[in-house]
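Student: Can we go through this one together? I'd like to start with the sheet.
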Amino acid sequence: MTTKEDNDLLTRVEGDAPMGRMLRQHYWVPAVLSSRLETGGAPVRVKLFGKRYVAYRTHDGRVGFLNEACPHRGVSLALARNEDNALRCIFHGWKMCVTGEVLEVPNEAANPEGFRKTVNVHHYPTVEGAGLVWTWLGEGETPPPPNFEFMGLPANQAYACGLELNSNWLQGVEATIDSSHIAVLHQSHLSHSQMDMAATRVSNAVRYKFDDTPYGYRAAALREGPDGECLARVTEFIMPYYGLIPPINTGDDQDRTVIIAVPIDDEHLIQWYIYYNTKRPTDSMKRTQRANTWPMAGGIVNDADQHWGQDRRLMANGNHTGFTDIVIEDFVTQASMGPIVDRSEEYLCSADQAIVRLRRHLMQSVKKFIAGEVPISAQSGSRDYSGITATGGRMKSVEDDWRVLPR
Ligand code: FES
Ligand SMILES: [Fe+2]
């Protein structure tokens, strides 16, 4: 059972909250869409872990990421001029470059050259991959960014979209790794063959098997079909907020999905979806469809008074949820729990083992962090993520070893 104290420890990420400090210190964070940073264009405001930052792209294409407040007297650098590969604060004209160096302090008459070198600009390393700018907000030496299989792909093989939601980040991770809702919540959007693969309604009772890994765990959702054969879907949880979702149809040229639940503050997250394909360009139909539905989703899911836009007429006509898109169904259920769900009030069942394991994993990690140790599954310089991919397939029997399914 999760106590109220444990719930706080697991969910709170702002300020000195241990979970937030651990996440910032030990893991890279996807922060903003690369496409939002125009070369030489306006800085973009980004909020992570309750703190405000700006990201911008210089004229020569590099990305800067720094605290939003100007180091002089705190004017927002979102207002700054993007000049000569640096940001110039509009208030007194201090000019700061991507590497954190202050280049000019025009209002310091006495010793501008000496003075500018004493100013500490809080700036953060960045890397771009899968259509996103990633940053590391910790202190000390920067660990190398994670080499996920989607990081180095060309633009037509990976694209990202994200949506801000009124819910704590952990609800996002939990939704991602919860395989047992698929055949119920999403039933109106899956074809019969997909249902068969994802989960038939008759055998919706899932058997989970797990394999702990140095980076998190693998969760195999096993469903026995009427013929005795077993359908396996293996989701990968990668610390601290990644869920790699197996494709609904098997085959190694299928588009893959990774969902990343990144804390904006205690009561909001940005849920990033990266669709990628390591073999060929991603499905462009899907890309267009997402581009159309996601902006709408922003207006729907956060409005509780209107039942998040649920359409009862659709339901009367056979749609299970009254929502027209799988992703929206996920967002609505997650946000409807409230900003921070009280986990001391839940009734978990055996299908919730992935959830229990996730919380245990995070709890053990944060306790180690509090004790001054490196959390389990922390990202270390030597960690290789490149072979990690979600998989699925058929097995002769539910007793077969799902771990040998090809990845
Ligand atoms: S507040 Fe930015 S230069 Fe003064
Ligand atoms: Fe879902």
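Tutor: Terms come before the sheet. Two strands pair if DSSP finds at least two bridges between them. Helices (H or I, at least four residues) and strands (E, at least two) are DSSP runs, numbered from the N terminus.

Student: What kind of model is it, and how is it numbered?
Tutor: It is a predicted model: local features need pLDDT of at least 70, side-chain atom pairs count only at pLDDT 80 or more, and totals for chains, interfaces and linings use all residues. Residues are numbered from 1 along each chain as its sequence is written, with chains lettered from A and ligands numbered from 1 in the order in which they are written.

Student: OK, in what order do the 4 strands of the open sheet run?
Tutor: The order is E5-E6-E7-E8, with antiparallel pairing.

Student: Which are the edge strands?
Tutor: Strand E5 (81–83) and strand E8 (102–104); each pairs on one side only.

Student: How many bridges join E5 and strand E6?
Tutor: E5 and E6 (residues 86–88) pair over 3 bridges, in the antiparallel sense.

Student: And what does Glu-83 stand opposite?
Tutor: Ala-86 in E6.

Student: Zooming out, how many helices and strands does the protein chain have?
Tutor: There are 10 helices and 18 strands. The radius of gyration (over C-alpha atoms) is 23 Å.

Student: What does the C-alpha trace span along its principal axes?
Tutor: About 85 × 50 × 45 Å.

Technical notes
Rg over C-alpha atoms; globule rule 2.2 N^0.38 Å.
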